[in-house]
Every structure is written in C-alpha cells, then in structure tokens.
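Have a look at the structure before reading on.

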Amino acid sequence: MSQFDLQDELNHPRHATPALTGLIDRALSRRRFLGVGATAGAASFLTLNPLNQALAASAGSPLLGFNSIAASTADTIQLPAGYRWQVLVSWGDPLFADAPAFSETERSEAAQSRQFGDNNDGMSFFPLSDTRALLAINNEYTNQEYLFAAGKVQSLADVRADQAAHGVSIIEIALQDGQWQRVLDSRYTRRITANTPMHISGPAAGHALLKTQADPSGRQVLGTFNNCANGMTPWGTYLTCEENFNGYFGSAAAVTPSAAQQRYGVAAVDAGFGWHAFDPRFDLAKEANECNRHGWIVEIDPHDPQSVPVKRTALGRFKHENAAIHINADGRVVVYLGDDERGEHLYKFVSAKALDRANPKANRDLLDDGTLYVAQFTAKDGEIRGEGRWLPLIHGQNGLTAANGFADQASVLIHARLAATQVGATTMDRPEWVAVHPSGKQVFCTLTNNKNRGTEGQPVGGPNPRAANHYGQILRFAPQAADHSSDTFSWDLFLMAGNPKVHPGTAYAGTSNINAELMFNSPDGIGFDAAGRLWIQTDGDYSNQGDFAGMGNNQMLCADPNSGELRRFLTGPVACEITGLTFSPDSTALFVGVQHPGEEKAPSTFPHGGMPRSSVIVITREDGGVIGA
Ligand code: FEO
Ligand code: CA
Ligand code: CA
C-alpha cells in the first residue's frame, strides 16, 4: 500500500545526533559480511573487507549482467538495454469467456468477481508443464477514486463490487510464440474475494474471540482482503497474507475499541473503505469479533478451484507482509513473517512435523502445528551488527499467562502483537518482505521506513539505527549453524537506503553501495532468483523532491548479496508502487507487479491509455536469456 503519509514528514526529519552518526560511520567502516558463497562457513562473519573495499573488488559482479539504468519520472516501464516488457493482465480484465470487458464507469459485483481484481501485489508461479502454469496473484485493495464515480462506496451494491475487487486471482498462463500469455476460461481460473467462504484452522479455531453471530462455531469465515504478499509451499499451495485488515472495520456508533483492538489499529473511523456503513459484518458496534478473523495467513490450493481456503492461526495474527518458507535440514517447515507497522516485529514459525516429500497430502496441515517465535536483537552501542534470539510465543512461558491477559494459546496467537511485547521483542522499522538466500545460510528482511523511530518505545539502535527513518534498510541474519530452528542468529544490515546528495556525510546518506546515481527509498518486496541475485522493489515517496530528490518513481533493483553491489533494473510509471515478483522455472521470464499507478488521481494513463490500471507485466530478454544474468 502506498506511503503517502510519509509526505508530512519530508520537511522535518529528525536526524541522528552527530555522535551517533559517527558511531554508525565507524560501524560501517569496519563492517564485515556474512558470507553466502559455497566456501562460506555457516553463521560466521567471514569477509573482513569494509564495504567500500568489497564493492571495489566486485565491480562487475559475475551475478549482475546488465547496466544500471537511470532514475525516471516517466509514466512507463523502463528497463536495461536488451530487455522488453508486456502487460500480462490488468485490473478489470475478464478472466472468463463470459465476463464483461473492463469498463471505466460500470462497476458491479457480478462483473468484478469474474474480472482480475485491483491492486495486484504478491504472486507465485505454479508450473503445470514446461509451457503451462498457474499464477496465483494477490489483489490487495482498491483505489475507490477509480472504481466509483463518487470516489467512494454509496450503497451495499458498491460495497459488494469493492469486496469483489479484493482477494486473490488465479489464472492460467501458457508459453505461446515465446511469450507467456493469459489463457482465458481455463478450468483453474478462480477469483477469491472478501466474500469467499473459508475455514479457520489451527490452535485458535473455535475460540470465543473468533465466534460471531453469523458463525457461532468460530471456524467458518467469509473472505480475505488486504492480501499483501505471499508464499509458496513445497506441497503446491499458495499462502496469501492479510495485512491492513483493520482499515475495513468501523462504526457510526460510539464504540470503544478494546486495548487489543487498538494495538491492531481497529477504530470507529475506518481507512476510508466505507464497508461498515452498508455491511454490518464490518460494523464494530454490531459485530465486535469479526475483526479477529482477519490478519492471518491463508492457504489456498490453486490446482483445485473447488477447494476451500484455510486460515492458519498457528502463524499468528498481525499485519502480515509475506510468508518466506524454508525447509530446514531436519525437514521441518520454517516460515519467516514480517508485521508491517512502525514499531512492530519480525516472526518465524517452525512446524512440529517434518515435510513428507513422498506424500504431498500428508503435508496438508503442517502449518497447523508448530511454534511461533518473535525476534529480539542485540548490538553494541552504535553498531549495525550483532546477535539475536528467537523468543517462543507459548502460553504459560515468559509471562504469557492468564494473569497477564493470555488465557490460552489461542489468545496468544490472536493477540500475537501483545504477546510479542510481553516477551520482550524488538520494535522494528516496519518489517516488510523476508527472503531466504538459496544457500539457506542467510535471511534478508526489508525494514521499509519508520517516521516514529526515536519516539517513546521505539529507541534508536541495533537494526533500527536512524531516528525518523524515512529511507529504510535491509536487515540480514544468519541462523546459528544454518539451522533455522535455532534460537540464535547473527545479524547485520545489508544496506541502508539514503540520499548522499541531500545528506552527505551523515547516516541519512545511506551505506556506500548507495550513490547519487543509484538511490531509492523504502525497500519493500524482495526475493531471490535461482542464481542468488537479490531483487528489491520499492514502495516509497515518489515526489522526487526534498529528501527524495533524484530518486524518481518507484523502482526495482538487483543486488549481489555477496559483494553488496547494486544496480537499478526497472523504473515504474507515475505514482505506482512496484510489488510482487515471481520467475518462470528457467528464469527467462520475470513477472512483476505494478500497483496503483496514478493513485489519488496522479497523472498516469498506465498501461493502456485512459484510466490507470494496476497490472502484472512480464519481462523477458530479447535474446531469450536468463533475467539479470
Ligand atoms: Fe502491502 Fe506492507 O505492504
Ligand atoms: Ca509491501
Ligand atoms: Ca510498503
């Protein structure tokens, strides 16, 4: 979701003190890398080169085979020489043969529920054969300024159309004439919306806090919305992550949210979606518990259009960003999970049972049974590297007791944020996506920005080293002995974004892999390709002014995780965010999400002329080669 609210902070950044800046500079100058190469020892800081030396030694990284492109404010996609792009699917495109064509003026539940949803975000590629595949794609939210002539919902019919533009789209694609194209009316095609029936499973299923008037069982729920990023399991299912669910609940009545609801941002005033005025399910005065049934990870089988999606409560309830899965050496499933809010936390789930590769059906409920942990970081003063611990969120341990408001394990999971505070988790600068390096030795997490860093409860330090942090950084950590079930890890910062022209010589200039030609703010989507290139997408301030002068539109970069070298690969159209990435198995096609071009009526006609429309694009090389190589 866009970061427009950053704009109010632009002219009043509160910088780190000179003393702290000096400490950070010294930390940078003696910074060491966590090795990821074949010769790297697990969980050890190997390379003694300061960052500058590492970069100088690696100019012309063997991983990065394209030239960095310039920042751009153009209303289009720009790519390095030798690359091309085309639109795969846009908001409102018909997904079924009998679905109506996109209309700039007509909006209905009937049409929208058979068209591609709005604001595509995370997505995964599920191969069916060498030339056919499914794409599962999140449709995070809606830009009502484009959906409705009035710029907002005005009736229950409008709400139903808006709800139908949310959720997930599953489409089939086929390689035809060397390009991946959409297959209309595939038997797999499916829209999952804010009204699709789902099961609730895991330790919190059936709990009193999940029971509503419509569902006294606490085990059946309608729909998913604000589906941010994603994950893909080895047993062939898709994980869609519910993020800013709170913004859909509200009330015209005088309601007083509980302390727990307040921690999740649930309030009488919604985020502007307006659903509660027409759909009582979203009116807090009429249904206090519906909001507890959102904010989960939802598992979907894209291969079976009749399957019922399942909300997996063992993975905790918060504002989920993505779900980065790693199969540990002992076969257990580890899922890294960010909670994207200023001062919230980084989590991981470790399954109780091991993956059974010989029997995919045996893995169906692996995500129902395991332990959720939250991260606590330590560092010496001013250093941007250190150690960390995973603290288990288990009822009865570390103060997670009835006396402290946690009656049982279900309430620990439903109120995971409160449990994390109880056990002493570190407040972070908005954890967004997590990505595990293909070697399994390192894990990366974008900390997108945090204007509140340095205020009460959010001390400056450790992996969050800058007050009023409007640029963001990328955290890197290595589990002890590459064992992702380990309770301990080492960490450093892979990069800090910044603006060396506006803030030379300070921590706000960013790390030395940032320069005047290569700068950006608010790293968000990240993912590794098969060769180990780290792809970075931004959701930041695109004003190109003040602290953000020279950064241009939101963009996509590619990094060599061994050397820290960085190159800009893509620039997006006006007022977009670049979010969502997945590759074909041979890495010759890269699917990228272009979200909310022209938001808030910014001047964009991307990509078809006329009304701007969120779209998935597919990027290939003119010579058919591997993307990025
Ligand atoms: Fe949907 Fe935190 O981004
Ligand atoms: Ca995001
Ligand atoms: Ca973001």
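In what order do the four strands of the open sheet with antiparallel pairing stand? The order is β24-β25-β26-β27.

## How to read this model

This is a predicted model, in which local features need pLDDT of at least 70 and side-chain atom pairs count only at pLDDT 80 or more, while totals for chains, interfaces and linings use all residues. Residues are numbered from 1 along each chain as its sequence is written, chains are lettered from A and ligands numbered from 1 in the order in which they are written, and side-chain values use heavy atoms, leaving out hydrogens and water.

## The four-strand sheet

Strands here are DSSP runs of E with at least two residues, numbered from the N terminus, and two of them pair if DSSP finds at least two bridges between them. At the edges you will find β24 (523-528) and β27 (566-571); each has a single partner strand, so one side of each lacks a neighbour in the sheet. Neighbouring strands are turned by 25° against each other on average, direction ignored; the axes behind this angle are lines fitted to C-alpha atoms, and angles run from 0 to 180 degrees between N-to-C directions.

Now zoom in on β26 (residues 555-559), which runs antiparallel to β27 and is joined to it by five bridges. Across from C558 you will see R567 in β27.

## The six-strand sheet

Another open sheet has six strands in the order β10-β9-β14-β13-β12-β11, with mixed pairing. Its edge strands, β10 (220-222) and β11 (227-232), each pair on one side only. From one strand to the next, the twist averages 35°.

Inside this order, β12 (residues 238-242) pairs with β13 (residues 297-300) in the antiparallel sense, over four bridges. Look for T240, which stands opposite V298 in β13.
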